[in-house]
Amino acid sequence: MPLTRQDCVDLDAADPLAGVRGMFELPEGLIYLDGNSLGALPRSVKPRMQAVVEHQWGADLIASWNNHDWIGLPVRVGAKIARLIGAHADEVIAADSTSVNLFKLAAAALRLNAPRRVILSEAGNFPTDLYILQGLADLLGPAVELRIVEPEQVAGALTEEVALLLLTHVHFRSGRLHDMAALTAAAHAVGALTLWDLSHSAGVLGLQLGRDRADFAVGCGYKYLNGGPGAPAFLYAARRHHDAMRLPLTGWMGHAAPFDFEDGYRPAPGLRQGLVGTPPILSMAALDAALDVFEGLSMADVRRKSQSLTGLFLRLVEERCDGFGLDPACPADQDVRGGQASLRHPEGYALVQALIAAGVVGDFRAPDVLRFGFAPLYVRHADVWDAVDRLREILAAETWREPRFQTRRAVT
Ligand SMILES: *Cc1c(COP(=O)(O)O)cnc(C)c1O
């Protein structure tokens with residue numbers, strides 16, 4: 001039997017996370033399916049920003065570094081993220097951007113595993129991951145060799161030459177989920193280390209970095225963690241590497257005693273070495289407040305709802321948008337699918353623009369992928385129904401042909 005809107009409403013009524021949506025500010029009537037690019041605004045952020053700007057920066061000025069523990073914020077935020085990814089509190093720290101953290105940890109891993117010099121990654125990985133590796137290879141010359149293989153060849157390419165395997169856990173375009181435990185075990189079996197990019201995983205999957213024996217990881221603060229545009233990213237290093245690892249960006253905030261003002265660099269113990277310069281306190285405070293939304297939530301519930309939403313979307317597209325040239329571009333099996341659903345259509349860009357005009361925000365990833373992120377904290381099953389309903393109307397009426405939907409803007 002085809003699903004009805006009432007079936008979706010019933011699913012929402014039984015949803016243990018239904019109450020969480022009220023913790024977000026969302027424009028009335030908008031269906032926001034882009035929380036995998038920029039998470040929605042948690043209500044806790046505005047009062048926190050007000051307090052930090054007015055009372056801390058405005059009134060207490062420099063004393064705030066101590067009195068409001070600004071200096072400890074990267075560690076405290078890291079500990080909140082650690083809980084969501086199955087890591088110990090001291091294994092995660094908030095700092096810099098995902099791109100910069102990739103550089104820091106790839107270089108550190110390479111050094112830990114010298115004289116091996118091969119970094120293995122997959123073709124079609126998120127561009128910044130590959131670009132950062134290319135920059136590292138340019139810098140280090142013959143000390144690095146990049147080996148970029150097709151996704152299905154990764155396991156087979158793990159040889160005793162490989163120093164580091166760098167993979168994005170959930171693929172940004174297809175939503176395909178790598179088996180972290182299996183690939184990490186395979187890497188360890190040949191003596192390679194692993195660096196996981198969790199940009200599309202943290203805050204939406206029940207990650208278990210400790211159990212899965214991941215060595216290093218990075219992730220994004222502004223996607224499912226809802227930290228706001230350009231929010232600080234995070235880095236993870238397993239405790240077993242803390243003593244031996246050396247990160248290459250040796251700024252004063254990663255020094256053992258920044259306020260001793262010594263001439264020589266000495267790394268801070270543990271992961272505080274992962275800090276480089278002065279942390280962006282306003283952004284860090286926004287991320288800190290945003291993470292409180294996760295307090296008391298079970299990540300297993302979050303993952304279950306995410307699978308329910310993406311599964312519902314794919315089923316409704318199949319039932320209601322048949323014959324319009326849309327093809328799934330993500331795995332059908334929910335166990336290897338992340339928090340998003342992707343579709344392929346030759347007019348993907350125009351379709352996404354027409355959907356946005358109809359109040360359904362997804363995004364487009366070249367060359368032909370329509371991408372929809374279902375942030376389980378604030379997207380409802382009824383929203384999925386309404387989104388597919390509007391998609392069907394646009395396909396049937398061919399609204400996407402309108403010239404205003406055809407012009408590519410800078411950010412897609
Ligand atoms: C979003 C994303 C990033 C973002 O990197 P920035 O440094 O924040 O621009 C990195 N990697 C992946 C896989 C992403 O999806």
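Residues are numbered from 1 along each chain as its sequence is written, and side-chain values use heavy atoms, with hydrogens and water left out. Because the model is predicted, local features need pLDDT of at least 70 and side-chain atom pairs count only at pLDDT 80 or more, whereas totals for chains, interfaces and linings use all residues.

Strand β8 covers residues 193–197. Helices (H or I, at least four residues) and strands (E, at least two) are DSSP runs, numbered from the N terminus. Five of the five residues of β8 are buried, so the strand is largely enclosed by the rest of the structure. Buried means under 20% relative accessible area, exposed over 50%, and partly exposed in between (1.4 Å probe, protein chains only). L193, L195 and D197 point one way from β8. T194 and W196 point the other way.

D197 stands opposite V218 in β9.

Side chains of opposite charge can pair when their charged atoms come close. A salt bridge is defined as a side-chain nitrogen of Lys or Arg within 4 Å of a carboxyl oxygen of Asp or Glu. The count is 26 salt bridges. One of them joins D288 and R48, at 2.9 Å from N to O. This pair links distant parts of the chain, with D288 in helix α8 (residues 281–291) and R48 in helix α2 (residues 45–60), 240 residues apart. D288 is buried, at 4% relative accessibility. R48 is partly exposed, at 24%. Both residues belong to a network of salt bridges that links R48, K80, D288 and D292.

Other salt bridges include that of R365 and D363, at 3.6 Å from N to O. D363 is buried, with a relative accessibility of 3%. E398 pairs with R401, and their closest N and O atoms are 2.5 Å apart. E398 is partly exposed at 36% relative accessibility.

Pockets were located on a 1 Å grid over the protein atoms alone: a pocket is an open set of points where a 1.4 Å probe fits, with protein on both sides within 12 Å along at least five of seven lines, and lining residues have an atom within 4 Å of a point. The largest pocket has a volume of about 330 Å³. Its lining holds 15 residues, and H169, L177, G206, R211 and D212 lie nearest its centre. By class, six are nonpolar, four polar and five charged.

The second largest pocket holds about 240 Å³ of space. It is lined by 15 residues, with L314, V317, E318, L326 and P328 the closest to its centre. Helix α9 (299–320) and strand β11 (327–328) each supply at least two lining residues. Helix α9 gives the most, with three. Nine residues of this lining are nonpolar, two polar and four charged.

Note on methods:
Points joined across faces, edges and corners; volume = space filled by probe spheres on them. Nonpolar A, V, L, I, M, F, W, Y, C, P; charged D, E, K, R; others polar. Pairing = 2+ DSSP bridges.
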